[in-house]
Amino acid sequence: MTFTKIAASAAAAIALLAAPVMAQDKPVVGLVMKSLANEFFQNMMEGAEAHAAQRGDYELRAVGMQNETDFESQINAVENFITQGVDAIVIAPADSKAMVRPIKKAIAAGITVVNFDVALDADAKAQQGLELAFVGPDNRGGAKMAGDALAEALGAGAKVVIIEGNPGADNATQRRLGFEDAVAEHSLDLLDSRTAHWETEEANQVFSTMLTAHPDLQGVMAANDSMAIGVVKALENAGRSDIIVVGFDAIPAVLPMIEDGRMLASVDQFGQQMAANAIDLALDVVAGGPELEGWVTTPIELVTK
């Protein structure tokens, strides 16, 4: 799907949010994603649309954010879906704390909610008296896998840095912790750890600053592939091919980089299937099935050359 088509899909989705749900036989599912500028969520949108077409027994209304910190768009999307009276909301929160109140309001309105991809904050849920299952991968375990691969390539004592995701998102926290687990287990020397808010250009700038401060660094752990791409661009601009990079998401754009050695590895969390699976679970509940409980884990896999 080209960017133009994605932008058109997003615009159409936002327009749909203004329309009330009409009486019909098919249940309506509101899908709330993160930034459609991120290839991971572009693929997720494609997977969700294909799933809706294949099943044919529900209406999909999907909306994404303009960028990774556009939290207000997610809050507005949930509010609009409540007003429409959709049957289910399937959401990947951009901020694990900020989305707790809107989601609690949706549940109070009788809407089935499935939290997927990024878990809501446990303390914030407890404060609001909200119990809600999480459908998603082991982000900490996945980051540890990538960190282990980097450590095995570099050896004990290697100098590394971490490029973190959005500090307000649980998956960013879990991936940082996973990288730190690998640092501790393999006795790596962690020189710096900073956020780039999941964004390519910000990661390029943040890492360029790190590289200037630590020209002897040997490895980089990026919490998603959009940021890993920014790191690779910075390395190319600096004429450095001696620094090893790992990422997370295994988006199509980084697969050639893994193949030609610009990146060592990434973690595939099967984004195209993730939203579709969460929608299936939501529709099961809407149809009268049991409420989801606990953590419904989804698969991850380390991708290397």
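Tutor: Let's start with Arg55, which is partly exposed in this predicted model: its relative accessible area is 33%, and that value counts as partly exposed because it falls between the 20% mark for buried and the 50% mark for exposed. So what does the Arg55 side chain meet? One partner is Asp280, in a salt bridge with N and O 2.8 Å apart. That pair ties together distant parts of the chain: Arg55 belongs to helix H2 (residues 39-55), while Asp280 sits in helix H11 (residues 271-286), 225 residues away. Asp280 is partly exposed too, at 23% relative accessibility.

Arg55 also forms a salt bridge with Asp57, again at 2.8 Å from N to O. Asp57 comes out at 34% relative accessibility, so it counts as partly exposed.

Now slide along to Glu59, which makes a salt bridge with Arg61, their closest N and O atoms lying 2.7 Å apart. The reason is that the cut-off for buried is under 20%.

Going back to where we began, salt bridges with shared partners join Arg55, Asp57 and Asp280 into one network.

How values were computed
Residues numbered from 1 in each chain as written. Predicted model: local features only at pLDDT ≥ 70, side-chain atom pairs only at ≥ 80, totals over all residues. Heavy atoms only, no water. Salt bridge = Lys/Arg side-chain N within 4 Å of Asp/Glu carboxyl O. Buried < 20%, exposed > 50% of the residue type's maximum accessible area, 1.4 Å probe, protein only. Helix = DSSP H or I, 4+ residues; strand = E, 2+ residues; numbered from the N terminus.
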